Amino acid sequence: MTRFKITMAYDGTAYAGWQVQAGDRTVAGDILGAIRHALGEEPKLFGAGRTDQGVHAEGQVANFFTRTTMAPAAVAALLNDNLPADINILRADE
């Protein structure tokens with residue numbers, strides 16, 4: 001298993017915050033959905049912090065374990081292809 005660190009920016013206007021909450025759209029929930037769709041996995045996503053409803057971020061960091069053998073830049077690009085325009089993975093690192 002490989003651990004990927006992702007650094008992201010997002011406009012939190014449409015979100016109920018970072019942390020997954022049943023029935024609400026969250027940043028972590030959308031990122032997990034992108035991972036599920038792009039990599040076919042459902043990892044735990046560990047955020048370095050969390051934001052409240054409507055809060056934006058310009059360098060939020062999170063990490064997850066994956067079985068993929070793709071290069072970090074390819075993972076970032078694939079996740080961005082599967083994320084809405086208001087969340088952007090700036091980079092991924094092993």
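The buried residues of helix H1 are covered by elements that include strand E1 (2-10), strand E3 (57-66), helix H2 (72-81) and strand E4 (87-93). Buried stands for a relative accessible area under 20%, exposed for over 50%, and partly exposed for what lies in between, with a 1.4 Å probe and protein chains only. Helices (H or I, at least four residues) and strands (E, at least two) are DSSP runs, numbered from the N terminus. The model is a predicted one, in which local features need pLDDT of at least 70 and side-chain atom pairs count only at pLDDT 80 or more, while totals for chains, interfaces and linings use all residues. Residues are numbered from 1 along each chain as its sequence is written, and side-chain values use heavy atoms, with hydrogens and water left out.

**Helix H1**

H1 covers residues 27-39, which makes 13 residues, and spans 18 Å from its first C-alpha to its last, close to the expected 18 Å. The expected span is 1.5 Å times one less than the number of residues. Its buried residues are Val-27, Ala-28, Ile-31, Leu-32, Ala-34, Ile-35, Ala-38 and Leu-39. They lie on the same side of H1, because they cover an arc of only 155° around the axis. The arc is taken from the directions that lead from the helix axis to the C-beta atoms. An α-helix has 3.6 residues a turn, so residues three or four places apart point the same way.

At the start of H1, a side-chain oxygen of Thr-26 comes to within 3.0 Å of the backbone nitrogen of Gly-29. Just after the helix, Gly-40 has a positive phi of about 70°.

**Helix H2**

In H2, the buried residues are Val-75, Ala-76 and Leu-79. Their arc around the axis is only 100°, which puts them on the same side of H2. The face turned away from that buried side carries Ala-73 and Asp-81, which are exposed. The buried residues of H2 pack against E1, H1, E3 and E4. Leu-79 touches Ile-6, Ala-34, Ile-35, Ala-38, Phe-64 and Ile-89, leaving out residues up to four places away in sequence. Such a contact means heavy atoms within 4.5 Å.

**The nonpolar core**

The largest nonpolar core has 25 residues, and Ile-6, Met-8, Trp-18, Ile-31, Leu-45, Phe-64 and Leu-79 touch the most other members. The elements that give two or more residues to this core are E1, H1, E3, H2 and E4. H1 gives the most, with eight residues. A nonpolar core is a set of buried Ala, Val, Leu, Ile, Met, Phe, Trp, Tyr and Cys residues joined through side-chain atoms within 4.5 Å.

**The sheet**

Four strands form an open sheet in the order E2-E3-E1-E4, with antiparallel pairing. Strand E2 (46-47) and E4 are the edge strands, each pairing on one side only. Two strands pair if DSSP finds at least two bridges between them. E1 is joined to E3 by eight bridges in the antiparallel sense, and six bridges join E1 to E4, also antiparallel. Ile-6 stands opposite Ala-62 in E3. In E4, Asn-88 is opposite Ala-9, and Ile-87 is the bridge partner of Tyr-10. Seven of the nine residues of E1 are buried, so E1 is largely enclosed by the rest of the structure.

Gln-60 and Asn-63 lie in strand E3. Thr-13 is in the loop between E1 and H1. Their accessibility is set out below.

| Residue | Relative accessible area | State |
|---|---|---|
| Gln-60 | 11% | buried |
| Asn-63 | 18% | buried |
| Thr-13 | 60% | exposed |

Gln-60 touches Ile-6, Thr-7, Met-8, Tyr-10, Trp-18, Gly-49 and Arg-50, not counting residues up to four places away in sequence. A polar atom of the Gln-60 side chain lies 2.9 Å from the backbone oxygen of Gly-49. A polar contact is a pair of N or O atoms within 3.5 Å; within protein, one must be able to donate a hydrogen and the other to accept it, and residues adjacent in sequence count only if both atoms are side-chain atoms.

With neighbours within four places in sequence left aside, Asn-63 is in contact with Arg-3, Phe-4, Lys-5, Lys-44, Leu-45 and Phe-46. Thr-13 touches Gly-54 and His-56, again not counting residues up to four places away. The side chains of Thr-13 and Asp-11 are joined by a polar contact of 2.6 Å. Thr-13 and Asn-63 are 50 residues apart in sequence, and their C-alpha atoms are 23 Å apart in space.
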